Amino acid sequence: MSIYSDEIAKYIWRNGEIIPWEKATVHVNSVGHASVAGVFEGIKAYWNDEEEQLYVFRLVDHYRRFLASIKMVRFSFPYSIEELASFTLDLLRANEYRRDVYIRPYIFQKGIVRELLQAEPGKPVELIIDTWPFTSYQDPERVLHVCVSSWTRISDNVLPPRLKCFSNYHNGRLAAMEAKVSGYDWPILLDDRGKVTEGPGACLAMVRDGKLITPPITSSILESITRDTVIRIAREVLNIPVEERIIDRTELYIADELFFLGTGWEIMPVASVDRLPVGNGKTGPITQAIREAYQRIVRGIDKRYPEWRTPVW
């Protein structure tokens, strides 16, 4: 079951204007090659029912990463973090959201594209900010059965994982399709040394002997904002010791708890790896504590880290 609604927004932000969703069109020849070099972000806003307030979570941090990705692909880009944040808030208000919202800003080069290697440095780009409702993963019984993929995770000298671009996600897509046809929910990818990296679209953390352990950002993973959030929650809110270190494949088989974490997945427990149970095959106590603390913080129920929440209204 998808967390995303089929409902569409009334408006979308495009190149300085908030326009009706159905008018946000480009020519079919603009999309294919352009999206190869396209850069995007995934951001969430969470509704606080009691305050009747929508909070965008770590908005500035997401746009800081967005600009870092744009720099790596050498696109010309005229907007600052402050402007991007303002555009996003304007769009959320125009759509009058009173529920959880997913926000996806993305850019690609303007115009009709017919050359395969068309992404020349400095060419002007289209900036789109799209939004849609989602339902947060909060079912404590929901767990994933995963496999270690035969596909190798991309590396910094191939397609840098810290670059959040559309083309990078084909690597995870291949692994996800392989996992699905083999009867698993999702895969975990290893790097070219056989060490644990992450899953498609989500980082990974495990619990062993009361410690939260996650691969470092140099282990072919995205520089995840959710990962940084969870590390800080574990250390500063829950007093759980954290290690950032290389993880062997076989450690996945003997972990006490294991979970994916990311903007989309939030905190998603893993029940088994390669048909071997993780712990008792259910959501572990540390995973659940982190999930609950995360939900309280992103919604502003827990007032700590106010700098992480940007109010819309």
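Colleague: What are Tyr 106 and Phe 108, buried or exposed?

Modeller: Both Tyr 106 and Phe 108 are buried, in what is a predicted model. Buried here means under 20% relative accessible area.

Colleague: And what makes Trp 13 and Phe 87 a stacked pair?

Modeller: The structure holds 17 aromatic pairs. In the one formed by Trp 13 and Phe 87, the centres are 4.4 Å apart and the planes are at 25°.

Colleague: Why is the pair of Tyr 106 and Phe 108 called stacked?

Modeller: The ring centres of Tyr 106 and Phe 108 are 6.2 Å apart, and their planes are at 25°, so this pair is stacked.

Colleague: Which parts of the chain does the pair of Trp 13 and Phe 87 link?

Modeller: Distant ones: Trp 13 belongs to strand 1 (residues 11-14) and Phe 87 to helix 3, 74 residues apart. Trp 13 and Phe 87 are buried. They also belong to one aromatic cluster, along with Tyr 63, Phe 66, Phe 77 and Tyr 79.

Colleague: How do you know that the span of helix 3 is close to the expected one?

Modeller: Helix 3 (residues 81-94) has 14 residues. Just after helix 3, Glu 96 takes a positive phi of about 55°.

Colleague: What makes strand 10 and strand 11 a pair?

Modeller: At least two bridges are needed, and strand 10 has three to strand 11 (residues 211-214), so they pair. The two run antiparallel, and Met 206 has Ile 213 as its bridge partner. In their hairpin, with two residues between the strands, Asp 209 takes a positive phi near 50°.

Colleague: How many bridges join strand 10 to strand 13?

Modeller: Five, again with the strands antiparallel; Ala 205 has Phe 259 as its bridge partner there. Strand 10 (residues 203-208) is called mostly covered because five of its six residues are buried, each under 20% relative accessible area.

Colleague: Why does the radius of gyration agree with a compact globule?

Modeller: For 313 residues the globule value is near 20 Å, and the protein has 20 Å, so the two agree. Buried residues make up 54% of the protein.

Conventions: Residues numbered from 1 in each chain as written. Predicted model: local features only at pLDDT ≥ 70, side-chain atom pairs only at ≥ 80, totals over all residues. Heavy atoms only, no water. Buried < 20%, exposed > 50% of the residue type's maximum accessible area, 1.4 Å probe, protein only. Helix = DSSP H or I, 4+ residues; strand = E, 2+ residues; numbered from the N terminus. Expected span 1.5 Å × (residues − 1). Rg over C-alpha atoms; globule rule 2.2 N^0.38 Å. Phe/Tyr/Trp six-rings, centres within 6.5 Å; stacked < 30°, edge-to-face > 60°.
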